[in-house]
Amino acid sequence: MRKLELIAPCHFGLEAVLKREIERLGYAIVEVADGRVTFAGDEQALCRANIFLRTAERILIKIGSFRAESFEELFQGTKALPWEDYIPKDGKFWVTKAASVKSKLFSPSDIQSVMKKAMVERLKGAYHINWFTEEGASFPVRVFLLKDQVTVGLDSTGESLHKRGYRKLVAQAPIAENLAAALIMLTPWNRDRILVDPFCGSGTFPIEAAMMAAHIAPGCRRRFTAMEWQQIIGKGLWENARQEASDLVVRRMKPDIQGYDIDDHMISIARENAKMAGVDTLIHFQRRELKQLSHPKKYGFLITNPPYGERLSDKEVLPELYRTIGERFRMLDSWSMYLITAYENAEQYIGRKADKNRKIYNGMMKAYYYQYLGPKPPRTRGEKTGEEQ
């Protein structure tokens, strides 16, 4: 197997979570930068990363990097890369996305056009042909420019990894699956502790938690662009990774994961999505108003994405909503609460400053992950913590 550098983009502010995930898969970190983590691996690592990583957006093969302050330098730098090592004679190739930050070259369409021409010139020389049919497998390219340093990657994933394949129906403002997974990972929750989402919408937080509890790999049910790259990755490597994922699933287990919503229709959608994910028996969904939120158990977790006034008409109800969140949370003895919101007055109306506050970008929207930490449950004799299990 060849040695590869693999790039895993992620949400800004969650690089450390993704880094830990990659290390747990057994791979060495090469670099951590804003919005992405680069690690060393091989073709099998590419398959496993696509199938197992919960917090990444996609997996790119790093083709190379170089400095470019002009389009001529961009052309020559792109042409110098070994494209024939990856793209066959009949391959369909294009620059699907160009992102530029603090660089002299900033027009995405111009960057894409110049790089495509350079790739064609390189492959014309390698294959001794002047015309490419591009009727074969797809090889989408992504490029990042940061302070005139160009990093080029071949996209092995296709549709973003947040699309697990289970969420056919969504709420009005759904949280991305990989973001929800990362936010759960920032808590000490484990499958022995109760988890409640009082604004569950289409069910993303409960479903991601249930998949973690059952050790269900997030990419086990979907396809990837690189599955067509027979000259790079043999079919057996994908089969091995899927079999590994299947072997790790915990089938006899009953966590206490609950999702509430005020809308009956959303509860129906959440149940259907959970069924698609294979975790419908692991989650209890119920129509319940926020003011009815209570629970007899101790040491539980509220993990949620409450409304934060995306529509102007919603803003006037936010103070009362967040005041009620604070009141119900105070009634939950020894619980912890974690909520992501873009509502700047959240702490004021909850009535308590968060113990921790983390800035998160939900798409292009700046949000905050407020963390209210409850006490740890007492350990019984011989009991292992979630980290030890």
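Let's start with Leu6, whose bridge partner in β4 is Ile61. Strands pair here if DSSP finds at least two bridges between them. Helices (H or I, at least four residues) and strands (E, at least two) are DSSP runs, numbered from the N terminus.

Before I go on: this is a predicted model, where local features need pLDDT of at least 70 and side-chain atom pairs count only at pLDDT 80 or more, while totals for chains, interfaces and linings use all residues. Residues are numbered from 1 along each chain as its sequence is written, and side-chain values use heavy atoms, with hydrogens and water left out.

Back to β4, then. β4 also pairs with strand β7 (residues 149-155), in the antiparallel sense over seven bridges. Leu60, for instance, has Asp155 in β7 as its bridge partner.

Now for a parallel pairing: strand β9 (residues 257-261) and strand β10 (residues 283-287) share five bridges. The chain gets from β9 to β10 through helix α8 (residues 264-277), and this β-α-β crossover is right-handed. That means that, with the strands pointing away from the viewer, the path from the first strand over the helix to the second runs clockwise. Tyr260 stands opposite Gln286 in β10. Tyr260 also has Arg288 over its face, at 4.4 Å from the ring centre. For that, NZ of Lys or CZ of Arg has to be within 6 Å of the ring centre and within 35 degrees of the ring normal. Arg36 does this with Phe144, at 4.6 Å.

Buried means under 20% relative accessible area, exposed over 50%, partly exposed in between (1.4 Å probe, protein chains only). Cys200 counts as buried too, at 5%.

Last stop, Gln44, in helix α2 (residues 43-52). Gln44 is buried, with a relative accessible area of 17%. Leaving aside neighbours within four places in sequence, Gln44 is in contact with Met1, Tyr27, Leu237, Asn240 and Ala241, contact meaning heavy atoms within 4.5 Å.
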